[in-house]
Amino acid sequence: MQTFEQAAIVTGGTRGFGRGIAEALAKAGYTTRTVARGEEADIVADAAEPGVAERVLTEHAHAPVVVVLNAGAIPDTAPVHEQTWESFTAPWEVDVRQAFEWTRAALRQPLAPGSVVVLLSSGAALGGSPRSGGYAGAKAMVRFIARYAGEESERLGLGIRFVALLPGLSPGTGVGDAGARAYAAKQGISVEEFRARLGPVVTPEIAGQAVLDVLGRPGAPAFTVSAAGLGEIQ
């Protein structure tokens, strides 16, 4: 029979970082369910749609102790003057909306004391990303939401931990491949040369291990994620 300690939810959990995270949690003994729009997901739903978080947390997840918010849009990689408002704000409508909806649900339900909500932000939140529209700002807001939710959890005595992870640009994922193509073109080099200049990057397996490491490493509200591991951000 499933126990509280074994339950986990991963949004956007069928590909890229999400898949690596879901597989790592499953191998660690969690009964892990994925939420995504594709039919391969355990729960087929748009994670950013209002009401989905409340429904999943109450009907499907059986009181998860771990919720990983990984779903996000692949940003338009045109320079800012070639963007439309709709393309520029797509990461806000998906990445930020998802973070808002699920953290809100986790606090209002609330999840049980000791639960952990991990929000996938991005290294772009620190350094910007001029070829991804509003992506960098959206990911900065995801980090802020994690901090705000953590403060509210503490104020209300809920005992729910919220933590943001900020991986660097990582070809091999949908967002990372789009970014690599855009920045290679901007620099006038091949995608292969651009990837070589990046050096070791975060893979889905590294992302999965990062989540497991965070679960056993309380303290900081945010961490950078690189091929070398975690770095605390206060």
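Student: What makes the lining of the second largest pocket six nonpolar, four polar and four charged residues?

Tutor: In this predicted model, the lining of that pocket is sorted by residue class, giving six nonpolar, four polar and four charged residues. The second largest pocket has a volume of about 220 Å³. Among its 14 lining residues, Gly-150, Glu-151, Glu-154, Phe-162 and Pro-221 are closest to its centre. Phe and Pro count as nonpolar, Glu as charged and Gly as polar, so these five include members of each class.

Student: Which elements give two or more residues to the lining of the second largest pocket?

Tutor: They are α5 and β6 (161-167), and α5 supplies the largest share, six residues.

Student: What is known of the largest pocket?

Tutor: The largest pocket holds about 1000 Å³ of space and is lined by 47 residues, with Asn-70, Gly-72, Ala-73, Ile-74 and Val-175 nearest its centre. Its lining has 19 nonpolar, 20 polar and eight charged residues, and the largest share, six residues, comes from α6. Helix α3 is one of the elements that supply at least two residues of this lining.

Student: How do you know that the span of helix α3 agrees with its number of residues?

Tutor: At 1.5 Å a residue, the 24 residues of α3 (residues 85-108) should span 34 Å, and because its end C-alpha atoms are 32 Å apart, the two values agree. Even so, α3 has a kink of about 30 degrees centred on Arg-97.

Definitions and conventions
Residues are numbered from 1 along each chain as its sequence is written. This is a predicted model: local features need pLDDT of at least 70, side-chain atom pairs count only at pLDDT 80 or more; totals for chains, interfaces and linings use all residues. Side-chain values use heavy atoms; hydrogens and water are left out. Helices (H or I, at least four residues) and strands (E, at least two) are DSSP runs, numbered from the N terminus. The expected span of a helix is 1.5 Å times one less than its number of residues. The bend at a residue is the angle between axes fitted to the seven residues ending there and the seven starting there. On a 1 Å grid over the protein atoms alone, a cavity is a set of points where a 1.4 Å probe fits but cannot get out, and a pocket is an open set with protein on both sides within 12 Å along at least five of seven lines; lining residues have an atom within 4 Å of a point. Grid points are joined across faces, edges and corners, and a volume is the space filled by probe spheres set on the points.
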